[in-house]
Amino acid sequence: MGIDAGMWKLAGSSSSSSTCRRFHASSLGGSSGEVKALVVDDSRINQMLHHKLLDNLGVENLVVCNGKEAVDIHVSGKQFDLILMDIDMPVMNGIEATRKLRDMGIRSVITGISSHTLDHVKQEFIAAGIDEYHEKPLTSAKLLSILNKIKHKD
Amino acid sequence: MGFVRKTALPLWLLGWGAEFLLADMSHLLALLFHQGVLDEQFLHLRQLQDETSPNFVYEVTSIYFRESENLLMNLKLLLTEKEHSDYTKIKVHVNQIMGSSSSIGANRIRNACVAFRAVSDQHNRVGCLRALELLEKEYNYLKNKLHEFFQIEQQRSLAARARYPLPN
């Protein structure tokens with residue numbers, strides 16, 4: 001796509017977080033190169049981690065800081081095969097964002113990722129419309145299994 | 001025979017030192033794993049490091065320490081400033097430290113957060129203060145050890161370059 005993998009770009013977003021950055025990563029031509037992913041997480045550490053994981057697998061990916069930005073980016077017309085959605089985020093949390101995206105007719109695979117172990121929170125997340133749930137942290141193995149499911153789904 | 005001016009040591013000796021420093025790094029990591037301070041997630045983090053992101057682990061852990069420091073400070077204020085603590089805010093901060101600790105493999109800090117969350121759910125102020133003390137102790141231990149680790153890594157990198165200097 002013409003942009004070097006791992007390049008950071010300061011987003012002039014409407015996010016409440018002034019330190020929110022968007023990562024753009026071009027496909028590295030790997031086997032997952034056709035898949036596009038959106039990382040939705042307010043934690044900078046997890047943003048870096050998930051961005052790097054996806055990057056290493058050759059998955060084109062974008063990172064946003066909260067649920068509202070995830071919804072807004074879809075409203076702008078962008079589409080993704082995979083959305084990695086955190087639960088606890090400012091402005092709009094992952095449960096609400098998932099609900100809104102499903103109401104909008106977004107059929108992307110939404111994987112809920114959180115450190116919550118409370119059953120009722122997980123159930124609420126599933127009821128909102130996620131396809132699967134993983135405990136943090138996400139590893140290469142977990143991500144590969146998610147990506148394989150997407151490929152077989154297609 | 002070439003010499004590195006500052007150390008006045010022959011290049012071949014400095015280069016040999018890279019192996020010893022690598023051993024030091026391995027021993028330190030093994031100790032931290034054995035003590036349960038780190039878990040396999042830290043290894044996953046190291047595996048992500050490559051030529052496109054050669055300082056990935058250092059960058060991620062630096063952000064972790066910076067953010068955790070602020071969160072710990074906030075927790076202290078929440079528990080000491082007012083007569084009645086805001087346990088909702090306390091839980092949010094503890095969850096944040098717990099989440100990021102899981103992400104870098106800081107196992108004992110994560111466990112300390114689990115214990116902290118339990119006493120915070122009970123609105124037990126004394127328990128929370130004790131939990132915070134333990135959390136700070138674990139945090140400082142990890143911070144010191146990783147600082148040591150990255151220092152050795154840096155020295156090893158320098159030593160390796162001395163062994164295989166670039167041609168003029």
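**Where chain A meets chain B**

The contact between the two chains takes 13 residues from chain A and 21 residues from chain B. Keep in mind that this is a predicted model.

How much area is buried between chain A and chain B? About 1,500 Å². Carbon and sulfur atoms give 63% of that area. On the chain A side, look for A:I45, A:M48 and A:K52. Together they supply 39% of the area that chain A buries against chain B.

Between chain A and chain B the count is 1 salt bridge. Which side chains make it? Those of A:K52 and B:D50, at 3.1 Å from N to O. The residues of chain A that touch chain B divide into 5 nonpolar, 5 polar and 3 charged. As for polar contacts, 4 residue pairs are counted between the chains, both residues at pLDDT 80 or more.

Next, one residue in chain B. B:K145 lies in helix α6, which covers residues 125-163 of that chain. Is B:K145 buried or exposed? It is buried, because its relative accessible area is 18%, and the cut-off for buried is under 20%. What does B:K145 touch? Leaving out residues up to four places away in sequence, it touches B:L28 and B:L32.

Last, confidence. Chain A has a mean pLDDT of 80. In that chain, 76% of residues reach 70 or more. Residues 1-31 of chain A are another matter: pLDDT stays under 50 there. The model still has 63 contacts for them beyond four places in sequence. Where pLDDT is low, predicted coordinates should not be read in detail.

How values were computed: Residues are numbered from 1 along each chain as its sequence is written. Chains are lettered from A and ligands numbered from 1 in the order in which they are written. Side-chain values use heavy atoms; hydrogens and water are left out. Helices (H or I, at least four residues) and strands (E, at least two) are DSSP runs, numbered from the N terminus. Buried means under 20% relative accessible area, exposed over 50%, partly exposed in between (1.4 Å probe, protein chains only). Contact means heavy atoms within 4.5 Å. pLDDT is the predictor's confidence in each residue, from 0 to 100. Buried area is the accessible area (1.4 Å probe) that two parts lose on being put together, summed over both. A salt bridge is a side-chain nitrogen of Lys or Arg within 4 Å of a carboxyl oxygen of Asp or Glu. A polar contact is a pair of N or O atoms within 3.5 Å; within protein, one must be able to donate a hydrogen and the other to accept it, and residues adjacent in sequence count only if both atoms are side-chain atoms. Ala, Val, Leu, Ile, Met, Phe, Trp, Tyr, Cys and Pro count as nonpolar, Asp, Glu, Lys and Arg as charged, and the others, Gly among them, as polar.
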